[in-house]
Amino acid sequence: MLSRLGALLQQAVEAREPSVDLLEAFTEHWKGITGYYLEATDESTPAKETDIPWRLKQMLDILVYEEKQRPAGEAGPCLEYLLQHKILETLSTLGKAEYPPGMRQQVLLFFSRVLGQVQHPLLHYLNVHRPVQKLLQLGSDALGSGTEKEEVQFAAVLCAKIKQDPALLPYLLEGKSLLNGKRPAELPACPEGEGGEHPQGAAAGIPPAGKGGSSPAAEPSPPRRENNLITSLVGLCKSQKSRVALKARENLLFLVGLAQEAAAAQLVQRSALCQLVTEHLCALYGAVPACTDPADILALERASWRSQGDAGGDGGFPGKESLAAFFGWLDYLDELARGAHPVVADAVTEAVCEKFFRGILQLQLLQMSELAILRATAVLTSTVRQIQAPALLRGLVLFLLGPERQPEAPGARRHLLRAQLIEHCNHLSDEISLASLRLFDELLRKPHEHVPYSLALRNLEARGYVQRGPPAPEERASHEPDLDEDALELEEDPYFTDGFPDGGFQPSEKPPLASLGRSSRSDGQGHVNEVVSSFLCLVPEEAKTSSCVEEAGYDTYVHDALGMVQACCANAASWGWPPAPRPLDACPPEAAFYEGHFLRVLFDRMTQILDQPYSLNLQVTSVLSRLAAFPHPHLHEYLLDPYLNLAPGCRSLFSVLVRVIGDLMQRIQRVPQFRAKLLLVRRQLMGLVPGEQIDHATLFKGVVVLEEFCKELAAIALVKVPPEGPA
C-alpha cells in the first residue's frame with residue numbers, strides 16, 4: 001500500500017496532474033497516519049520505526065509543491081484541507097500524548113518545516129496558531145528532554161516569522177498560566193473558546209499595548225507565568241546542551257530587539273520575560289557555594305554568555321563552574337539590555353535591581369558577617385566590571401549611590417547603602433577596606449557621569465574650598481602652597497629643614513623644568529611645570545629610593561597617566577562638563593566646606609599611609625589617581641593644584657600629603673639606618689632580595705607608595721590640559 005501511494009504521488013508531481021490528485025494523495029497520507037492509531041497493537045514501537053515520519057514528509061512535500069504551482073498568496077486545496085480539518089490541532093494533541101513514543105519530536109519537526117517552507121501566511125489562522133501555542137506549552141517539561149533540539153528549531157522558525165511580520169507576536173505570547181492552567185485574566189478579552197481563540201484570518205490585529213494589564217513595575221505580584229514563546233525560549237536558554245542554549249539565547253535577543261514599540265510593550269506587559277530572566281540570575285547566584293573564596297571570585301576571567309560550560313571543566317576551585325554560570329548569565333542579560341528596545345531594557349533593569357541587587361546583594365552587604373560582606377563585595381565588584389549596557393549600568397549606579405545630587409552635609413546619610421559602602425573603605429578589617437576600595441576603583445572606570453558626581457563633584461560645585469578673599473601680595477609672589485593649619489601642627493614647611501637637627505638629609509631639589517619633558521610654551525604650561533615640580537619634590541631625598549634600583553622611571557608614569565587620562569576623557573566626552581572652573585562670584589557662599597563622605601574617608605586613609613598595609617595603600621592611591629584623572633576643572637583644581645588658596649579649615653589632597661611628609665620627616669629622625677632599611681624594603685617589594693623580617697616594614701612600604709604616588713600625580717598633572725579660567 002505504501003509503495004502504491006508513493007508511486008501515485010510521484011506521478012502527480014512529475015506529470016503535473018490537476019490539484020485534485022495532489023489533494024487525494026494528501027488525504028491518503030493523513031488517513032494513513034490516523035489509521036495507525038486504529039490498527040496499531042504494540043504501543044512501545046517508537047514513532048520513527050513507523051511510517052508516520054515518511055507520511056508527514058510526503059504531506060509537507062505536497063504542500064510545498066502545490067504552493068509553487070499557484071499564484072502568490074492563494075491557498076491551494078491541500079492547504080485548505082489542512083486548515084479546515086484541523087490537522088495541526090490533531091497533531092499537537094498526538095505530540096502532547098507522546099504516542100507512539102517519539103511522536104512529539106516528529107510533530108515538532110513537521111510544524112517547523114511547514115511554517116518554514118510554506119510561504120503562505122499561516123500563523124494568523126486560528127487553526128494554526130492555537131496548536132502552535134499548545135506545542136509551546138509543552139516546553140515546560142523538565143530540562144534534558146529528548147526534544148530540546150526540535151523545540152529550539154521550532155522556536156527559531158517562529159522568531160523568523162515574527163521578524164517578517166511583528167504583528168504575529170501577540171498570538172505567540174498567549175498561553176496557559178503556569179499557576180492555574182488557565183489564560184491569565186489580565187490578557188485582553190477574546191471571543192470565548194478553547195485556548196483563547198483569536199478571530200480567524202489575517203485581519204486580526206494586535207491588541208492595544210497596555211490594555212492587557214499594568215507593567216511589571218506597577219504590578220510586581222503575583223508574577224505572571226503564561227507558558228508561551230518567551231517561556232519556551234527562556235527554558236531552552238538553560239539547556240545543558242550548549243548548542244541548544246546558544247540558539248535559544250540568540251533568538252531571544254532577536255525578539256527583545258524588535259524595533260516596534262508596540263512589540264516591546266507586548267513583551268513587557270504580556271509575558272513573564274523580566275521575571276523569568278531575573279529569577280534565573282538569582283537561582284544561579286544561590287547555587288554558588290557560600291564558602292567560595294572572594295579572591296577566587298575576583299580572579300575569575302570575564303565570563304561570556306556564548307561560552308557556556310567552558311569555565312568549569314579545567315579544575316580551579318570549588319564552585320568555579322556555578323560561579324561562571326552566574327556571571328555568564330549576567331553577561332547575557334547585559335547583552336540583552338544592550339540590544340533590546342529601550343522599553344524592554346528598562347523593564348529588565350528594574351527587575352534585576354529589585355530582585356537581585358536590592359533583594360539579595362544589599363541584604364548581604366548590610367549584614368554584620370565579615371565573610372559575607374567580603375563575598376558580596378567581591379561579587380558586586382565583578383558585577384560592576386561585567387555590566388556595560390547603559391540601562392543596566394544606570395540601574396546599578398543608582399542602586400549603589402542613590403539619585404541625590406545636592407551637596408552632602410556632614411553626618412547625613414540619605415542613601416544607606418552608599419554610606420555603608422563608603423564606611424567599609426575605612427573598616428576595622430583591612431580586608432573589607434581593601435575590597436570596598438577596589439569596588440569604587442572599578443566603579444570609577446564606568447562611563448557614567450553620576451559616579452564621579454555623586455562621590456566628589458557634588459560637593460565641589462560651589463568651590464567652597466577656595467579662600468574668597470584675595471591672598472596677600474607676598475603669598476602671590478612666593479608661589480608657595482598655602483599650607484593647611486593642621487599640617488603645621490606637625491612640622492614647618494617641608495620645603496625647608498629649619499627646626500630639624502642635622503640628620504643627614506636634605507629637602508628634595510626641584511628638577512629643572514627642561515627635565516620634565518616639556519618646555520614652558522606659555523604661562524599656563526609654566527604653571528603646569530611648577531605643579532609637576534611641586535609633586536616630584538614633595539618627598540625628601542632621604543626618603544627617595546626609586547632612582548637607586550632598576551625600576552621604571554618617570555617616563556613610564558607619564559605613559560600610564562596618559563592612558564588613564566585619555567580613558568577618563570573618552571568617558572566624559574558626552575557629559576557636558578565645563579572647560580574652566582566656575583567663577584567664584586557665581587558660586588553661592590557656604591557656611592563651611594565639606595569635601596563629602598567619600599573624599600573624607602580617602603583623605604583620612606591617606607593620612608595613615610605610613611601605618612597601613614602595603615596593598616591597602618596601593619588601592620587608596622589608585623582610587624585618588626583615578627579621580628584626579630577626570631577632566632573636570634574642579635577636580636583638577638582640588639586634587640592637583642598645590643598652589644590652591646584654601647579656605648580656613650579646608651584640606652586638599654596636596655595639603656594632606658604635606659602633613660604626611662611632615663610626619664615622615666619626624667619619623668626619619670627616630671629610625672636608625674632609615675635609608676638603608678628603606679632601600680632594602682623596596683628591593684624586597686621588587687623581588688630582588690629575599691623577604692626577611694625588618695623592623696618598621698609597614699612604615700618603609702608606606703614611604704615607597706608615597707614616593708610613587710607623588711610621581712603618579714605629577715604625571716597626571718603633566719598630561720592633563722590645564723583648565724583655564726578665573727582663579
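What percentage of the 727 residues of the chain count as buried? The figure is 54%, where buried means under 20% relative accessible area, exposed means over 50%, and partly exposed lies in between (1.4 Å probe, protein chains only). Before you start clicking, note that this is a predicted model, in which local features need pLDDT of at least 70 and side-chain atom pairs count only at pLDDT 80 or more, while totals for chains, interfaces and linings use all residues. Residues are numbered from 1 along each chain as its sequence is written, and side-chain values use heavy atoms, with hydrogens and water left out.

**The whole chain**

Switch to a cartoon view: the chain has 31 helices and 0 strands. Both are DSSP runs numbered from the N terminus, helices being H or I with at least four residues and strands E with at least two.

**Tyr99 to α6**

Select tyrosine 99 and proline 100, which are joined by a cis peptide bond with omega of about -5°. Proline 100 sits in the loop between α5 (87-97) and α6 (103-117). Follow the chain into α6: its 15 residues reach 21 Å from first C-alpha to last, close to the 21 Å expected at 1.5 Å a residue. That expected span is 1.5 Å times one less than the number of residues. Colour α6 by accessibility and you will find 11 of its 15 residues buried, including Arg104, Gln106, Phe110 and Phe111.

**Threonine 381**

Next, jump to helix α17 (residues 370-386), which holds threonine 381. Threonine 381 has a relative accessible area of 1%, so it counts as buried. Show what surrounds threonine 381: leaving aside neighbours within four places in sequence, its contacts are Leu298, Ala435, Arg438, Leu439 and Glu442.

**The largest nonpolar core**

Which residues touch the most other members of the largest nonpolar core? Select Leu91, Val132, Leu229, Leu400, Leu657 and Phe674, out of 215 residues in that core. Such a core is a set of buried Ala, Val, Leu, Ile, Met, Phe, Trp, Tyr and Cys residues joined through side-chain atoms within 4.5 Å. Helix α31 (residues 697-719) gives the most to this core, with 15 residues. Zoom in on phenylalanine 674, which touches Glu542, Ala543, Leu664, Ile668, Leu699, Phe700 and Val703, not counting residues up to four places away in sequence.

**Two loops with positive phi**

Step to glutamine 673, in the loop between α29 (653-670) and α30 (674-685). Its phi is near 50°, a positive value in a residue other than glycine. Glutamine 673 is exposed, at 60% relative accessible area. Then move to histidine 696, in the loop between α30 and α31. Histidine 696 is not a glycine either, yet has a positive phi of about 60°, and at 46% relative accessibility it is partly exposed.

**Last stop: cysteines**

Is cysteine 291 buried or exposed? Its relative accessibility is 69%, so cysteine 291 counts as exposed. Cysteine 650, at 5%, is buried. The structure holds 0 disulfides, a disulfide being a pair of cysteine sulfur atoms within 2.5 Å.

Technical notes: Contact means heavy atoms within 4.5 Å.
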